[in-house]
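Dear colleague,

Please find below the structure that I am handing over to you.

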Amino acid sequence: MSCKVFYLSLLALSLTSCGAINNKQALGSFDYQDEKEAKGIVIPADLDKPKQSKEYYITNKVNHAGPIGEKVDIRAPSLVMPVASSSRVVDESGIAIVWFDKVLEDQDLMTLIEKVVERKLAADGVGYNFVDEDQEVTLGKVIEGSTSLKETSIQRDGIKTAIIESNWYHNEVEEGWIFTDIVLAKSVRYRFQILAKAHGRSVSLRVSVVEFLQTDEDGGSKTMDPIDKQRAEKAMLNELIASVDYEYRIQQHKDRLARANQKLVKLGENAAGEPAYIVELGIDDLWNSMPLFFEKHGFTITDLNEENKIYYVDFVKPDTSIWDTIWGDGVSVIEVDEVQYQFVLSPLDDVEHKTAVTIYKEDGTPLTSETLERVFPVVEPSLSFREIF
């Protein structure tokens with residue numbers, strides 16, 4: 001019984017010690033703040049003054065009104081973490097601001113960031129308003145559906161801005177076990193300023209604390225500690241940057257699924273009416289990717305004509321073994337003659353992002369429609385380049 005009481009006492013002591021740690025303060029004694037400055041050495045008038053080195057001289061021109069001892073905040077400065085693709089920070093390290101450059105071509109970047117802020121506040125259960133930058137008046141509550149994001153964006157000198165202000169974030173600290181008391185209550189309101197350059201491909205997001213209230217044992221205060229303010233702003237901004245990165249990943253995943261379920265290669269004819277594969281890729285992208293197709297299926301490039309988009313290749317069927325089949329490493333073989341071929345890429349008239357791939361034999365005759373159709377199940381997955389685009 002005594003052992004159990006001893007262990008519980010140790011546990012209670014350890015919890016009390018952990019709770020008493022203040023991560024703003026240094027550990028140890030602060031006796032140095034009570035030390036008096038030593039008096040200088042008095043040199044008698046009839047003696048020469050000894051030479052003094054100024055290597056460790058400390059000037060008296062310092063901020064004597066600054067914090068000392070327990071009041072010194074030792075926390076490392078907060079940083080803006082631009083983890084989202086094509087995001088970057090500005091030089092002013094004390095400002096919670098980040099710039100995004102366009103990643104998703106089919107989405108308006110400013111609208112995407114506005115929606116990220118909107119979802120963040122909604123998820124936190126905090127209301128918000130759009131505010132006019134000049135008149136500082138509320139334009140409407142989006143959370144009630146009375147005003148849209150686009151209606152509250154302000155156009156000035158080709159630069160588009162939108163300002164969102166949150167309602168109060170509340171945080172309370174309680175102490176006690178059976179009967180608890182609120183010993184600290186903090187409330188913060190944030191402003192989110194979104195600015196898009198005229199071309200719309202670069203958008204900045206700045207977070208700032210606009211209002212603060214705190215009540216503790218010493219009373220109430222509307223002034224936020226500068227370091228706490230900076231940390232709160234950058235913590236909020238980092239959460240939003242991570243949310244933008246998440247939106248990028250979700251959309252890119254959807255795009256990959258769409259491409260995976262889409263037939264990007266089909267049988268058709270080139271501009272001259274010859275049998276060809278029609279690939280839904282731009283001619284330059286397809287030209288740069290063709291070496292991967294050749295390497296995978298036993299084609300060796302012997303020459304090329306980049307101006308006319310022609311690859312000259314030799315074909316040898318890849319060797320496959322029973323072990324490749326068992327382990328799933330086998331490559332599907334294109335069943336054509338082991339001779340030389342020409343792969344000619346040509347754009348289709350009046351059709352963007354579609355390229356005709358015509359395969360010619362040594363004598364200059366194109367492969368027939370029957371041959372292209374027979375090897376289509378092997379060619380189609382590889383010629384789609386879904387793992388790249």
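Predicted model: local features only at pLDDT ≥ 70, side-chain atom pairs only at ≥ 80, totals over all residues.

Residues are numbered from 1 along each chain as its sequence is written, and side-chain values use heavy atoms, with hydrogens and water left out.

**The chain as a whole**

The chain has 7 helices and 16 strands. Helices (H or I, at least four residues) and strands (E, at least two) are DSSP runs, numbered from the N terminus. Of the 389 residues, 32% count as buried. Buried means under 20% relative accessible area, exposed means over 50%, and partly exposed lies in between (1.4 Å probe, protein chains only). Among the contacts with a separation of 6 or more, 60% come from residues 24 or more positions apart; a contact means heavy atoms within 4.5 Å.

**Helices α4 and α7**

Two packed helices are described by the angle between their axes and the distance between the axes. The axes of α4 (residues 283–297) and α7 (residues 376–384) come within 9 Å and cross at roughly 135 degrees. That angle makes α4 oblique to α7. Axes are lines fitted to C-alpha atoms, for helices over the stretch in contact, and angles run from 0 to 180 degrees between N-to-C directions. Angles under 35 degrees count as roughly parallel, over 145 as roughly antiparallel, 65 to 115 as roughly perpendicular, and the rest as oblique.

On the α4 side, the contact is made by Leu286, Met290, Phe293, Lys296 and His297, and on the α7 side by Val378, Val379, Ser382 and Leu383. These residues divide into 6 nonpolar, 2 polar and 1 charged. Here Ala, Val, Leu, Ile, Met, Phe, Trp, Tyr, Cys and Pro count as nonpolar, Asp, Glu, Lys and Arg as charged, and the others, Gly among them, as polar.

Helix α7 is largely enclosed by the rest of the structure, because 7 of its 9 residues are buried. The buried residues of α7 include Phe376, Glu380 and Ser384, and they pack against β11 (265–269), β12 (275–279), α4 and α6 (369–374). Phenylalanine 385 follows α7 and has a positive phi, near 55 degrees.

Arginine 189 is found in strand β8 (residues 181–196) and counts as buried, at 16% relative accessibility. Its side chain is joined to that of glutamate 211 by a polar contact of 2.9 Å. A polar contact is a pair of N or O atoms within 3.5 Å; within protein, one must be able to donate a hydrogen and the other to accept it, and residues adjacent in sequence count only if both atoms are side-chain atoms. Leaving aside neighbours within four places in sequence, the contacts of arginine 189 include Glu165, Trp168 and Val210.

Lysine 234 is in helix α3 (residues 226–260) and is buried, with a relative accessible area of 2%. Lysine 234 and valine 80 are 154 residues apart in sequence, and 5.9 Å apart in space from C-alpha to C-alpha.

Serine 86 has a phi near 55 degrees, a positive value in a residue other than glycine. Serine 86 lies in the loop between α1 (2–20) and β1 (87–89) and counts as partly exposed, at 41% relative accessibility. Lysine 309 also has a positive phi, near 55 degrees. Its place is the loop between β13 (299–305) and β14 (310–315), and at 14% relative accessibility lysine 309 counts as buried.

A colleague
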